[in-house]
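Dear colleague,

I am passing on the structure we spoke about, together with some notes on how its parts meet. Please look it over before reading on.

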Amino acid sequence: MRKKVTVVGAGNVGATLVQRIAEARLADVVMVDVAEGVPQGKALDLMESGPIMGYDWKITGSNGYDETAGSDVIVITAGLARKPGMSRDDLLAANAGIVKQVAAETGRRSPKAVMIVVTNPMDVMAHVAMKATGFPRERVFGMGGVLDSSRFRTFIAMELGVSVENTHAFVLGGHGDTMVPLPRYSTVAGIPITELMSAEQINRLVERTRNGGAEIVALLKTGSAYYAPAAATLEMVESVLQDRKKILPCSVQLNGEYGVTGTFAGVPVKLGEKGVEQVIEIKLSTGENAGFMKSVDAVRSACEKFT
Ligand code: APR
């Protein structure tokens with residue numbers, strides 16, 4: 001049976017994700033946005049690429065939610081994008097209202113779907129979406145760690161002059177500013193980067209990764225990153241739709257793991273057709289744990305303030 005994905009928000013991240021889903025031959029897609037004509041126009045444009053790109057997927061654009069019914073996966077990208085000088089937290093109040101509404105609208109029509117939240121600040125928005133849908137934690141989680149680790153991998157490959165395919169990066173915690181990269185679990189062809197680079201080099205790459213989103217915002221001047229965010233989301237969508245059971249860093253509500261209960265944080269999870277099928281716990285050093293708890297506290301206090 002053909003799979004069905006709903007993408008809410010037909011902006012840069014949403015539309016790029018829809019293109020990637022079609023080109024990866026994964027599913028029919030419904031794209032929803034408040035902007036009149038935009039989801040319809042982009043959907044038609046993408047359908048008209050099908051004969052050349054070799055896909056037959058049905059791509060529908062809408063300003064309403066009825067077409068989304070029965071989706072296997074829902075991705076939420078609706079919201080305001082970060083502008084230069086704006087922190088993720090500045091976006092919080094505005095985006096919380098949007099995510100609450102779109103999560104409820106889509107969740108009601110696809111009660112068995114797996115929901116992936118992309119809208120920033122993502123960890124808090126995942127919490128908002130979970131409350132709005134009443135979905136279990138296995139089926140509402142956020143995209144952030146896959147993007148952060150892809151950025152880290154890019155910088156490791158650039159620094160060492162090796163293929164990105166040989167790199168593996170491990171990040172924990174909140175998306176962006178409070179992210180906790182774990183260099184000792186980050187490798188090139190299985191070799192920890194701590195054996196391949198100096199501490200100074202690693203710190204430089206970690207800092208660049210932490211500021212990865214801001215670096216793109218400063219260059220673009222209007223809008224924020226979308227190619228890599230869409231690629232990162234695609235990897236999660238694919239792991240769910242195809243039951244790949246990939247281990248990916250995602251933001252999930254912790255239930256005692258890592259000594260935390262009730263707060264969303266980025267941790268490695270196994271992603272399959274049921275959503276989060278396992279939360280993987282690793283032993284953290286004292287320093288790593290302190291960074292992780294700082295990140296958890298930041299998400300918790302934002303949730304208490306705004307949700
Ligand atoms: N319902 C549906 N769509 C909405 C709503 C709403 N209530 N409010 C806003 N939107 C739509 C906008 O009309 C816009 O088309 O969300 C889209 C957001 O697209 P962009 O502004 O292009 O932002 P984008 O770069 O795609 O980023 C979206 O993902 O990575 C995060 O920080 C980023 O939170 C931001 C989100």
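What distance separates the centres of domain 1 and domain 2, taken over C-alpha atoms? The centres lie 21 Å apart in what is, please bear in mind, a predicted model. The domain assignment of the chain places residues 4-143 in domain 1 and residues 145-306 in domain 2, and the contact between them draws 37 residues from domain 1 and 49 residues from domain 2.

The size of an interface is often given as the accessible area lost when the parts come together. Between domain 1 and domain 2 the buried area is about 3,500 Å², and carbon and sulfur atoms supply 70% of that area. On the side of domain 1, the residues that lose the most area to domain 2 are Asp123, Arg137 and Met143, which together account for 21% of what that side buries.

Turning to the polar side of the interface, one salt bridge is found across the two domains, along with seven residue pairs in polar contact. Arg137 also takes part in a salt bridge, in which its side chain meets that of Glu257 at 2.9 Å, N to O.

As for what domain 1 presents to domain 2, the elements that give two or more residues to that side are helix H1 (12-23), strand E4 (73-76), helix H4 (92-109), strand E5 (114-117), helix H5 (122-133) and strand E6 (140-142). By residue type, the side of domain 1 that touches domain 2 comprises 23 nonpolar, five polar and nine charged residues.

With best wishes

Terms used. Residues numbered from 1 in each chain as written. Predicted model: local features only at pLDDT ≥ 70, side-chain atom pairs only at ≥ 80, totals over all residues. Heavy atoms only, no water. Domains from an automatic or database assignment. Contact = heavy atoms within 4.5 Å. Buried area = accessible area lost by both parts, 1.4 Å probe. Salt bridge = Lys/Arg side-chain N within 4 Å of Asp/Glu carboxyl O. Polar contact = N/O pair within 3.5 Å; in protein donor to acceptor, adjacent residues only side chain to side chain. Helix = DSSP H or I, 4+ residues; strand = E, 2+ residues; numbered from the N terminus. Nonpolar A, V, L, I, M, F, W, Y, C, P; charged D, E, K, R; others polar.
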